[in-house]
Amino acid sequence: MTFRNRFAARLSVAALIAILCAALSYGTAHAQSPTGQLQWPPVGVKEIPPAKSSPVGVSTAIFLINLTELDELAEQFTVNAYLFMSWKDPRLSYTPVPSETRREVALDSIWFPSVTLVNHHGARESISRLAFVDPDGTVRYQEEFVSHLSAELNLRKFPFDSEHLHIVLQPVLPDAETDRVRLIADPGLSGVATERWTGLAQWTIVGVSMVNSTLAYGGRMPTRPDLIFTLTVKRQYSYYLWKIFFPLILMVIVSYSAYFIDVTDHYTQITIALTTILTVIAFSFSVESSMPKVPYLTYIDCFFLATYVIVFLALLVLIVIHTMVKRNSHRRASYLRGISRWIYPIVFALVNAAILANFFG
């Protein structure tokens with residue numbers, strides 16, 4: 001073999017080695033690139049991360065976009081919100097390429113905690129679900145959802161009430177993974193949008209919080225850790241103040257005016273008292289649709305009852321005065337009516353003060 005042939009053979013071997021090195025370098029870079037889905041995420045990351053000394057901590061938050069409905073009769077409310085979760089899975093760590101800060105990953109290729117809303121009324125509707133992975137293996141999950149939830153409302157102070165709407169979150173795990181996941185409240189990301197459409201016309205959102213808690217199902221069911229997202233809303237009471245309370249007070253004043261009619265004009269006095277009673281009854285039926293149907297008395301129910309009683313007592317006193325006049329006891333009739341002029345407003349004020357103390361004291 002001539003020198004030229006040996007040199008050509010060595011040159012071919014060197015070229016082949018260079019090509020192999022370049023191919024290996026390209027394959028390594030391709031495996032670490034966002035498009036290298038065959039090599040990343042690695043195989044076997046669909047199972048829960050291996051347990052060390054503590055369960056997998058999942059930072060969890062809810063951000064409310066819209067409170068779309070609050071049904072007082074059914075004690076249910078509907079929300080449109082974001083669910084944020086983040087946890088660290090070292091198996092998903094990678095070396096980023098230049099200008100790469102995170103990677104989007106398909107949810108069906110990795111493990112992620114399954115979370116249920118304990119007080120949901122029907123399955124929640126997921127609008128979108130995304131997951132991103134930081135180079136250190138931190139997974140950031142976000143889900144936009146709509147859910148119908150049950151609420152425990154206390155309407156005793158209606159219409160001056162505030163309600164606490166809870167969203168109770170709990171991890172759903174098979175028996176083999178019990179206590180392997182711990183949800184951790186993230187108040188920093190939890191919140192509520194400030195847009196005008198976020199709340200309802202009748203309700204004002206006054207606060208939001210998210211805390212760790214435990215839920216006891218009762219019976220033989222174990223106590224399970226959970227998270228409670230609480231949305232505090234306050235009712236706008238202006239409608240009830242001007243459309244219900246103010247007309248009722250006017251009716252009481254109309255009934256009270258009968259005490260200033262001539263003591264012998266029994267027909268006019270009784271007509272005013274009876275008309276007021278019938279007006280209050282008709283008014284209660286007309287506003288019934290805007291009243292909550294609950295098995296206990298609310299504040300506005302007691303105010304209605306106080307109005308019924310004071311107007312009915314006014315009618316009874318007028319009948320007694322008329323009886324005295326017919327028996328020619330004019331002095332006693334005038335005395336009773338004079339006392340009634342003072343007692344009537346005092347009794348109405350004291351009864352309502354007692355009602356206020358009972359509900360707000």
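Modeller: Before we start, a definition: rings of Phe, Tyr and Trp (its six-membered ring) pair if their centres lie within 6.5 Å. Also, this is a predicted model.

Colleague: How many aromatic pairs does that rule give?

Modeller: The count comes to 21 aromatic pairs.

Colleague: How is phenylalanine 245 placed against tyrosine 299, stacked or edge-to-face?

Modeller: Stacked, with 5.9 Å from centre to centre and 25 degrees between the planes. Planes under 30 degrees apart count as stacked.

Colleague: And where in the chain do the two sit?

Modeller: Phenylalanine 245 is in helix H2 and tyrosine 299 is in helix H4, 54 residues apart, so the pair links distant parts of the chain.

Colleague: Is phenylalanine 245 buried or exposed?

Modeller: Phenylalanine 245 counts as buried because its relative accessibility is 6%. Tyrosine 299 also has 6% relative accessibility and counts as buried.

Colleague: What about tyrosine 259 and tyrosine 344?

Modeller: They form an edge-to-face pair, 5.7 Å centre to centre with 65 degrees between the planes. Tyrosine 259 lies in the loop between H2 and helix H3, and tyrosine 344 in helix H5, so the pair ties together parts that are 85 residues apart in sequence. Both tyrosines are buried.

Colleague: Which residues form the aromatic cluster?

Modeller: Phe160, Tyr237, Phe245, Tyr299, Phe303, Phe348, Phe359 and Phe360 form one cluster.

Colleague: Back to the helices. At what angle do H2 and H4 cross?

Modeller: The axes of H2 (residues 238-256) and H4 (residues 299-326) cross at roughly 15 degrees and come within 9 Å. Angles under 35 degrees count as roughly parallel, so H2 is roughly parallel to H4.

Colleague: Left-handed or right-handed?

Modeller: The crossing is left-handed.

Colleague: Which residues make the contact?

Modeller: On H2 they include Tyr240, Ile244, Phe245 and Leu248, and on H4 they include Tyr299, Ile300, Phe303 and Phe304. The residues of this contact divide into 13 nonpolar, 2 polar and no charged.

Colleague: New topic. Where is glutamine 236?

Modeller: Glutamine 236 lies in the loop between strand S11 (223-235) and H2. Glutamine 236 counts as partly exposed because its relative accessibility is 38%.

Colleague: What is glutamine 236 in contact with, leaving aside its neighbours within four places in sequence?

Modeller: Ala201, Gln202, Trp203 and Thr204. Threonine 204 is 32 residues away along the chain, and its C-alpha atom is separated from that of glutamine 236 by 6.8 Å.

How values were computed
Residues numbered from 1 in each chain as written. Predicted model: local features only at pLDDT ≥ 70, side-chain atom pairs only at ≥ 80, totals over all residues. Heavy atoms only, no water. Axes fitted to C-alpha atoms, helices over the stretch in contact; angles between N-to-C directions. Helix = DSSP H or I, 4+ residues; strand = E, 2+ residues; numbered from the N terminus. Parallel < 35°, antiparallel > 145°, perpendicular 65-115°, else oblique. Left-handed = near helix turned anticlockwise from the far one by under 90°. Contact = heavy atoms within 4.5 Å. Nonpolar A, V, L, I, M, F, W, Y, C, P; charged D, E, K, R; others polar. Phe/Tyr/Trp six-rings, centres within 6.5 Å; stacked < 30°, edge-to-face > 60°. Buried < 20%, exposed > 50% of the residue type's maximum accessible area, 1.4 Å probe, protein only.
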